[in-house]
Amino acid sequence: DPWFALTAVGVLGLGIGVNNMLFTVLNAHTLRGLPVREAHRLVFISAFDDRVRDLGASYADFLDWQRRARAVASMSAYVPAPITIAEERFSPGRFDGAFVTANVFQVIGIQPVLGRDFAPGDERPGSPAVAILGTGAWQLRYGADPRVLGQSVLVNGVPATIIGVVPDR
């Protein structure tokens, strides 16, 4: 019967899809864990109201929390955002990225695989913009060329200098 066969294939496909999705989530969050040292010590802080669960926080609020915090070893801030990288040699490319405070890699315990980390002076108002690439973007866009350090690029239309490469994840 064609209707029985269609129903059986649909139920099997749905079951396999749900099983795959649940394993992916379980693997990413429970079995594999976060790719940072001492992940059990990390805390995510955000603002919320009765309409929106995650409003984020302003940079001024973050600086205030950082100045007043006594029970934490260190605080860093980030804003995930799509990033467009452009330069003369290539057409613009879009990547997943984030705008972060200078200490973010120290907080999560990640060292650059090439170049240097952000310095405290990099986030001061008026300082030249700098960028750190993930290894995926470095390999895909620049063929893992170590001469990428020091190159000037446009990050979302703003000139920045590439100072390092960090591992993905």
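Colleague: Where does S91 sit, and is S91 buried or exposed?

Modeller: This is a predicted model, and in it S91 lies in the loop between strand 1 and strand 2. S91 counts as exposed because its relative accessibility is 54%, and the cut-off for exposed is over 50%.

Colleague: What is S91 in contact with, leaving aside its neighbours within four places in sequence?

Modeller: With those neighbours left aside, S91 is in contact with I85 and R141. S91 and R141 are 50 residues apart in sequence, while their C-alpha atoms are 10.0 Å apart in space.

Colleague: And how are strand 1 and strand 2 joined?

Modeller: A hairpin through six residues joins strand 1 to strand 2, and the two strands run antiparallel with eight bridges between them. One of the pairings puts Y78 opposite V100 in strand 2.

Colleague: What about strand 1 and strand 5, how many bridges there?

Modeller: Strand 1 and strand 5 run antiparallel and are joined by two bridges. I85 has V155 as its bridge partner in strand 5, and A86 stands opposite L154 in that strand.

Colleague: Staying with strand 5, which residues are on its covered face and which on the uncovered one?

Modeller: V153 and V155 make up the covered face of strand 5, whereas S152 and L154 are on the uncovered face. As a general point, side chains in a regular strand alternate between the two faces of the sheet.

Colleague: Then what comes between strand 5 and strand 6?

Modeller: Strand 5 and strand 6 form a hairpin with two residues between them, and N156 in the turn has a positive phi of about 50°. These two strands run antiparallel and are joined by four bridges, with V158 in strand 6 as the bridge partner of V155.

Colleague: OK, switching to helix 4: which of its residues are buried?

Modeller: Helix 4 covers residues 135-142, and its buried residues are T135, A137, W138, R141 and Y142. Seen down the helix axis, these buried residues fall within an arc of 165°, so they line one face of helix 4.

Colleague: What covers them?

Modeller: The cover over the buried residues of helix 4 includes strand 1 (78-86), strand 2 (93-100), strand 3 (114-115), strand 4 (130-134), strand 5 (152-155) and strand 6 (158-166). After helix 4 comes G143, which has a positive phi near 60°.

Colleague: How many residues are in the largest nonpolar core, and which have the most contacts inside it?

Modeller: The largest nonpolar core has 15 residues, and those with the most contacts inside it are I85, L133, W138 and Y142. At least two residues of this core come from each of strand 1, strand 4, helix 4, strand 5 and strand 6. Apart from it lies another core of eight residues, with A102, V104, I110 and I132 among them.

Colleague: How about V166, where is it, and is it buried or exposed?

Modeller: V166 is found in strand 6, and V166 is buried, with a relative accessible area of 8%. Leaving aside neighbours within four places in sequence, V166 is in contact with F105, I110, P112, V113, I132, L133, G134 and T135.

Colleague: F105 came up there; which residue does F105 form an aromatic pair with?

Modeller: The count of aromatic pairs comes to two, and in one of them F105 is stacked with F118, at 5.9 Å centre to centre and 15° between the planes. The pair links distant parts of the chain, 13 residues apart, with F105 in helix 3 (residues 104-108) and F118 in the loop between strand 3 and strand 4. F105 counts as buried at 13% relative accessibility, and F118 is buried too, with a relative accessible area of 15%.

Colleague: Last one: where is D122, and what does its side chain lie 2.8 Å from?

Modeller: D122 has its place in the loop between strand 3 and strand 4, and a polar atom of the D122 side chain lies 2.8 Å from the backbone nitrogen of A119. Leaving aside neighbours within four places in sequence, D122 is in contact with R116, D117, S127, P128, V130 and I163.

Conventions
Residues are numbered from 1 along each chain as its sequence is written. This is a predicted model: local features need pLDDT of at least 70, side-chain atom pairs count only at pLDDT 80 or more; totals for chains, interfaces and linings use all residues. Side-chain values use heavy atoms; hydrogens and water are left out. Buried means under 20% relative accessible area, exposed over 50%, partly exposed in between (1.4 Å probe, protein chains only). The arc is that of the directions from the helix axis to the C-beta atoms. Contact means heavy atoms within 4.5 Å. A polar contact is a pair of N or O atoms within 3.5 Å; within protein, one must be able to donate a hydrogen and the other to accept it, and residues adjacent in sequence count only if both atoms are side-chain atoms. Two strands pair if DSSP finds at least two bridges between them. Rings of Phe, Tyr and Trp (its six-membered ring) pair if their centres lie within 6.5 Å; planes under 30 degrees apart count as stacked, over 60 as edge-to-face and the rest as tilted. A nonpolar core is a set of buried Ala, Val, Leu, Ile, Met, Phe, Trp, Tyr and Cys residues joined through side-chain atoms within 4.5 Å.
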